[in-house]
Amino acid sequence: MLFTRVYCNKTYIEQIVAYNSRMSLGYSILSIEDAPFDIVNQLLHESFQERLENNLNFDCASFTDAEFKEKSSAGNIVTVWEDDILVGTVFLGIQQRFSFFTCGFHEFLAVKSDNKSSGIGTMLQRVVVNIAKALDLDILLSSTAIPAISSVKWHKKNAFIPYKISSYEGRNYKSYNFIKPIRKGILVSLLVMITPLTLFVSKISNK
Ligand SMILES: CC(C)(COP(=O)(O)OP(=O)(O)OC[C@H]1O[C@@H](n2cnc3c(N)ncnc32)[C@H](O)[C@@H]1OP(=O)(O)O)[C@@H](O)C(=O)NCCC(=O)NCCS
């Protein structure tokens, strides 16, 4: 049987606990300080092995436990367990981007090799969306390597929209940047705000 544990930073835990009980979600909510960083990091290494074998140097495939703890302690770690075995994880960081919009940043998504393509990634995403709603986020952001086909398909299947291609320092691949609206009507607001700004910038840069 699968069950979900969410390890939350103290900034967010109250809101997440309140939403969890209001919506009767049944997740187990714990403090990020109690997160099993070493076990989660071990899963990242095992799961991303397929990416290394395809010569894609995802950095989370080789984090030390201390590096992973440092990178994830400010946010929330979602985990799915089968009995006492960790079978899936994703990190949700919170940041202000795109000026007025509150964004969640979704990274370190990994499913145990034996459990891939059996719906665990989709389950993790449902949990992330619930946390995003609990925290009143407007949008989720994510990115993945363009040649990581299963991950690109996973993002599109889970309603992430590619909006940009980026290169990151030290990475030997290009990435899609994705956006996923959480708040209803947010895409329309983004277009309304961004279009006049783009026109203004192109007008002054043509002077
Ligand atoms: C990418 C990953 C997280 C997907 O999680 P998952 O639990 O295996 O995926 P799900 O079972 O929820 O599948 C959902 C959708 O993802 C896509 N997908 C998943 N595995 C796939 C595969 N092997 N090939 C192609 N598409 C795949 C499909 O669109 C699938 O929908 P479908 O079942 O209707 O075809 C997982 O395979 C993984 O951990 N990969 C290695 C690490 C990684 O790349 N992480 C993401 C980096 S950003």
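Helices (H or I, at least four residues) and strands (E, at least two) are DSSP runs, numbered from the N terminus. Residues are numbered from 1 along each chain as its sequence is written. The model is predicted: local features need pLDDT of at least 70 and side-chain atom pairs count only at pLDDT 80 or more, while totals for chains, interfaces and linings use all residues.

**Exercise 1.** Determine whether F108 and D83 are buried or exposed.

*Solution.* Begin with the location: F108 is found in strand 5, whereas D83 lies in the loop between strand 3 (76-82) and strand 4 (85-97). Next take the backbone: phi of F108 is near 55°, a positive value in a residue other than glycine, and D83, which is not a glycine either, has a positive phi of about 55°. Then apply the criterion, by which a residue is buried if 20 or more other C-beta atoms, placed from the backbone, lie within 10 Å of its own, exposed if 12 or fewer, and partly exposed in between. F108 has 25 C-beta neighbours inside 10 Å and so counts as buried, whereas D83, with 8 other C-beta atoms within 10 Å, is exposed.

**Exercise 2.** Work out which residues of helix 6 are buried, and which elements they pack against.

*Solution.* In helix 6 (residues 149-157), the buried residues are S151, W154 and H155. These lie on the same side of helix 6, because they cover an arc of only 95° around the axis, the arc being that of the directions from the helix axis to the C-beta atoms. The exposed residues I149, K153 and K157 sit on the face turned away from the buried side of helix 6. Finally, the buried residues pack against helix 5 (120-134), strand 6 (139-145) and strand 8 (174-181), where contact requires C-beta atoms, placed from the backbone, within 7 Å.

**Exercise 3.** Describe how helix 2 and helix 4 are arranged.

*Solution.* Helix 2 (residues 37-47) and helix 4 (residues 65-72) pack at an angle of about 105°, with their axes 9 Å apart; axes are lines fitted to C-alpha atoms, for helices over the stretch in contact, and angles run from 0 to 180 degrees between N-to-C directions. Helix 2 and helix 4 are therefore roughly perpendicular to each other, since angles under 35 degrees count as roughly parallel, over 145 as roughly antiparallel, 65 to 115 as roughly perpendicular and the rest as oblique. For the residues involved, F37, D38, V40 and N41 in helix 2 meet D65, F68 and K69 in helix 4.

Methods. Contact = placed C-beta atoms within 7 Å.
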